[in-house]
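Please look over the structure below. A short briefing follows, grouped by topic.

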Amino acid sequence: MTGPTDQADLSQHTIDGHVAAAKAAFADAQTTAELKQARLAHAGDRSALALAYRAIGTLAAEERKEAGQRLGQARAEVAEALAQRETEVGEAELAARLVAERVDVTLPVELGPEGAAHPITALIELMSDVFTSMGWEVAEGPEAEGEWLNFDALNIGPDHPARGTSDTLFVEPLSDHIVLRTHTSPVQARTMLDRDVPIYVVCPGKVYRADEFDATHVPVFHQIEGLCVDKGISLASLKGTLDHLAKAMFGDRVETRMRPHYFPFTEPSAEVDLKCFVCHGNSVGNPDAPCRTCKSQGWIEWGGCGVVNPRVLIACGIDPEVYSGFAFGMGIERTLMFRNNAADMRDMVEGDVRFSRSLKGMAR
Amino acid sequence: MRAPLSWLREYVDLPASMTGRELSEVLIRAGLEVETVDEVGAEVTGPVVVGRVLTTTDEPQKNGKVIHWVQVDVGAEHNQASEDFPQGCRGIVCGAPNVAVGDLVVVALPGASLPGGFGIASRKTYGHISDGMICAEDELGIGNDHSGIIVLPPDSGLEPGDDPAEFLLLRDDVLDIDVSPDLGYCLSIRGLAREAAQSLGLTFTDVVSKPTPATTAAGYPVVLDDATCPIFVAVSVSGIDPTQPTPRWMARRLVMAGMRSISLAVDITNYVMLETGQPLHAYDAARLQGPIVVRKARAGESLVTLDDQRRTLDPDDLLITDDSGPIGLAGVMGGQTTEVSETTTDVLIEAANFDAVTISRTLRRHNLPSEASKRFHRGVDPDAAYSAAHRAAALLDELAGGTVWGDETVAGAVPAMPTQEISAELPSRILGVTVAEARVVEILQASGCVVAAADGQLQITPPTWRPDLRDPYDYVEEVGRKVGFDQIPSVLPAAPAGRGLTREQQARRAIGRAAVGSGFVEVLTFPFGSAEDLDRMGVPGDDPRRALVRLANPLAETQPFLRTSILPGLFAAVNRNTSRGNDDLTLFETGRVFFAGSGAPAPIPVVTQRPSADELAAIGSALPTQPTLLSAVLAGRWRTPGWAGPGEPAGWQQAFALADAVASAIGAVVVRKAASQAPWHPGRCAALVVADQVVGFAGELHPRVVAAFGLPERSAAVEIDLDQLIALAPTGGSIAAISGHPVAKEDIALVVPDEVSTAEVRAALVDGAGELLESITLFDLYTGSQVPAGYRSLAFALRFRAADRTLTDAETAAARQAAVARATGLGAQLRDF
């Protein structure tokens, strides 16, 4: 080990030389590694300044104070120069790294396969949410349903043509009186049988018809029905509810029309039409600009509705002298066709992933 | 019902300028579904004029045909002068056999266009320049006749050059209306004219104007032997000339209304039916034997109907009979033996009324929709029978030279209509718009009701043509239709505070989102299936999925059952996708499956009161059980190879991960146990266990199933009973305090016999480590030369932490040791690194 010599040179001149050498070495260092070498050489335990500091003890007592001050200043100066250079080198290195590490941000990336909800499911949720946000609840029921609940309870008598095997799918044998529900209305009947009035429910779900299978008909499709039974309910309440739903589904500018119609379970009954989205009614009586969407009628049928027939209330144990109600129902597939231009209903049931992936998030 | 506007105008004085389309708007508002307005004759454009045949020269052709070279005077405006005819004419080649000099004919001149876009131009044919066409009925679209050209009668008042359209009834607007079941009376010009008049506030003339007289048996003897025929009117007309043709106006209207012109007598009955809504039947009186008896069929009886079909009759079929037996299926179709023919001179007209339900059952039983049954099964005005019979008789008199007998038969009587009492404010209350009592009365009276008002109550008797007006709310609808639904305000009702979605509904949404978020694509398939699908899946005979529910009338004979598994539908969807080039598939569906119920029939309680609890329970237990499943299929690649790395096949790992994700979405924890279950690979199938209950299965599909369904190799699948899973999900968790003390980490590597599952080892470690254990993760799985055959090395990372203190090394070591000790109990050995 080399120690301080007897003749340690702690002169100002020598110390200044050490400081200058340190600063020069720091300035020369271009990388953190070089700077580390320079630090060890000029500010480390074995650097000239460190050795000089240790040599203070060899001086005469009266010289020590002054030498200590000189060395202290010198070491502070070197430390400051080192810190400054460390910052400079660090910044430069970081800047170089950031440049070097640049990636092509347009590269395709993925977390995993792209999932998607079926547009029908998504629309059922959307429509249900319109109602739950108003305090309504969502009711459900079985798809294979008692004939009484699907028909009789809804004032569809035993001789109604819809009860034939050409319209309705029956569980074998026919004498079991079990059908695949032809509408979600039996859920309304169940709701009236199960719950206390007032009732405000929507019933979305799958329904079945012995129907053909083409671009505009599928034998298994989805409906959402609404039922409200309360005191003071009228056709005006129905209109208000349908207008609200139509705006929620199609925007504030949508126009609706209620047109008298016939359904056994409602009286008065109506069909609710929407002003044609495509021609806005301009195709009516204008053979030069026919409209395929509304067949130049100006309106397109959306669903059926009406005031609940008191016979239905009675069959479900509700006093029509006290309460009145309304009901409505529309096809989810049909609504999807209007909202999102889906052209062929077959696409909705064939399971092609491209169909399910075609509507995402807020684009629904 | 197809209604020509010109016909409606006879009974309601519509403004001359009103078009069919304008009227249709009015009727739609009143609740009539006008499907189309056909502008009949609109296809005939350009110069179509009256012509007079000046000369005609027969020119036999080589092919044996004779054509006629005809000179026709088509009026000064269209004639062209020639040497022979200085006053002008047109030369036309005509093939019709009935061209005669002096006749008035209809000529389409060059520039005209006929139905089907058939343009007329001058053209060279048979050696002449033919300057137009002399038209037959079918060429103008006004009839089916192509036997010869139209010859206009000399007294038509038409001259060459005139437009024959009006005379020919060429143009009309025809409203095609889909009449709803409650508005049967609108299956007539009478009913539609009444609706139009009422909606527009115009005068209506009722074609049914003769009051029904009291019962009389003066005419042909008729016996009513069944209550389902309340009235039967029989009027005899004798001495008709069966050769008389149907007049143009009548034939034209029948065609526009969608019927065919057959013979004058039949046409008259059809015409009057369309006009009044009362179906009529004309019998050849000479072929009737003895009195007409209306009765139900007897066992073994049969009848040959007008369509030449022999029909075996049902004891509930209502018949018209005579001494020979059945001669007609009442209200549905007549019989062959008594039908009028080209030699019939004496006719008996039947105008009767039959019960709607009886007729609708017969028409469905025999699948015999007819113009008559269409009306009877909706209900026909019983008071129209007498007028309609006389209207037909009068037309036979006028058009066929017949003589109407003064003696007639009216068997039975018009039934009384039921009176209903309603509160005068009921329409306002239910419609949600104020309709003053006076207005309610006025509307109902205009609809034909007799209304007596007293003390705010209305006593209402509907007209005989409105059997649909029965209940109080029927009158509300009638008032509403006439006020107009567009007058009803829009008032959003305020529902009481709701509870939002149920726990199950929220859970199903969370599960769906988790599946989507995990990279799965939702599809919807038809919920039908076949036993063959289950065979191909290898489902054994005693499996619950064999409890199939068969449909009585399936959409496809190949899929006669309701599904008990969603997987076959998803397999088909995989095939459809791959056939379309979508190869990498992660499909899922959430839907119901159906397992056979008790086998007891579902009761049909009465509808006049709430069913009893027992009846409702019996319906419930008769139904199939219908759980909701989530099923998924994975095929192809999970990750496609790309710049970032190699691809990764989709398989059992992702199937398990989906099950974990779905359960985790609702807070449930799935434990997998090796299982053997169709349609999965017996070595790569996991039972999904939640709280000791199997809620589903997941894994790679059995190679045989993959082959049987034509799926990509190593496809995997998941099927989970969501109802069960959701029921087992935890509720109401509590949030533990978050410890700020440091974590102590320990790794444990164990050599484990193959028959001990990872889950068992993990559970032992967890159990042994005690409550200080914060988490445990498998970080390495090794098989190879470092461990003996039949063993594998599992390495777990354990993290320990206490809620209230920093753990000492001794505490951590003790916990670790306890964990290892428990694992060793399973046959695992601590592995030295």
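**Briefing: chains A and B**

Chain B and chain A bury about 8,400 Å² between them, and 57% of that area is on carbon and sulfur atoms. Buried area is the accessible area (1.4 Å probe) that two parts lose on being put together, summed over both. This is a predicted model: local features need pLDDT of at least 70, side-chain atom pairs count only at pLDDT 80 or more, and totals for chains, interfaces and linings use all residues. Residues are numbered from 1 along each chain as its sequence is written, chains are lettered from A and ligands numbered from 1 in the order in which they are written, and side-chain values use heavy atoms, with hydrogens and water left out.

**The interface**

- Tyr473(B), Phe485(B) and Leu524(B) supply 9% of the area that chain B buries against chain A, more than any other three residues.
- Chain A brings 110 residues to the contact and chain B brings 101; contact means heavy atoms within 4.5 Å.
- Between the two chains, 44 residue pairs are in polar contact, both residues at pLDDT 80 or more.
- A polar contact is a pair of N or O atoms within 3.5 Å; within protein, one must be able to donate a hydrogen and the other to accept it, and residues adjacent in sequence count only if both atoms are side-chain atoms.
- Strand E34 (residues 585–592) of chain B gives six residues, the largest share of the side of chain B that touches chain A.
- Helices (H or I, at least four residues) and strands (E, at least two) are DSSP runs, numbered from the N terminus.
- By class, that side of chain B has 54 nonpolar, 28 charged and 19 polar residues.
- Ala, Val, Leu, Ile, Met, Phe, Trp, Tyr, Cys and Pro count as nonpolar, Asp, Glu, Lys and Arg as charged, and the others, Gly among them, as polar.

**Salt bridges**

- The count is 68 salt bridges over all chains; each is a side-chain nitrogen of Lys or Arg within 4 Å of a carboxyl oxygen of Asp or Glu.
- Between chain B and chain A there are 13 salt bridges.
- Arg550(B) pairs with Glu172(A) in a salt bridge, with the closest N and O atoms 3.7 Å apart.
- Within chain A, Arg357(A) forms a salt bridge with Glu114(A), where the closest N and O atoms are 3.7 Å apart.
- That pair links distant parts of the chain, 243 residues apart: Arg357(A) is in the segment after helix H11 (353–356), and Glu114(A) is in the loop between helix H4 (61–100) and helix H5 (119–132).

**Backbone points in chain A**

- Glu172(A) is also joined to Pro173(A) by a cis peptide bond, with omega about -5 degrees.
- Pro173(A) sits in the loop between helix H6 (147–150) and strand E3 (178–180).
- The peptide bond from Val197(A) to Pro198(A) is cis too, with omega near 0 degrees.
- Pro198(A) sits in the loop between helix H7 (185–194) and strand E4 (199–208).
- Lys295(A), a residue other than glycine, has a positive phi near 50 degrees.

**Domains**

- Domain bounds come from an automatic or database domain assignment.
- Chain A has domain 1 (12–100) and domain 2 (120–363).
- Their centres, taken over C-alpha atoms, are 85 Å apart.
- In chain B, 38 Å separate the centres of domain 1 and domain 2, taken over C-alpha atoms.
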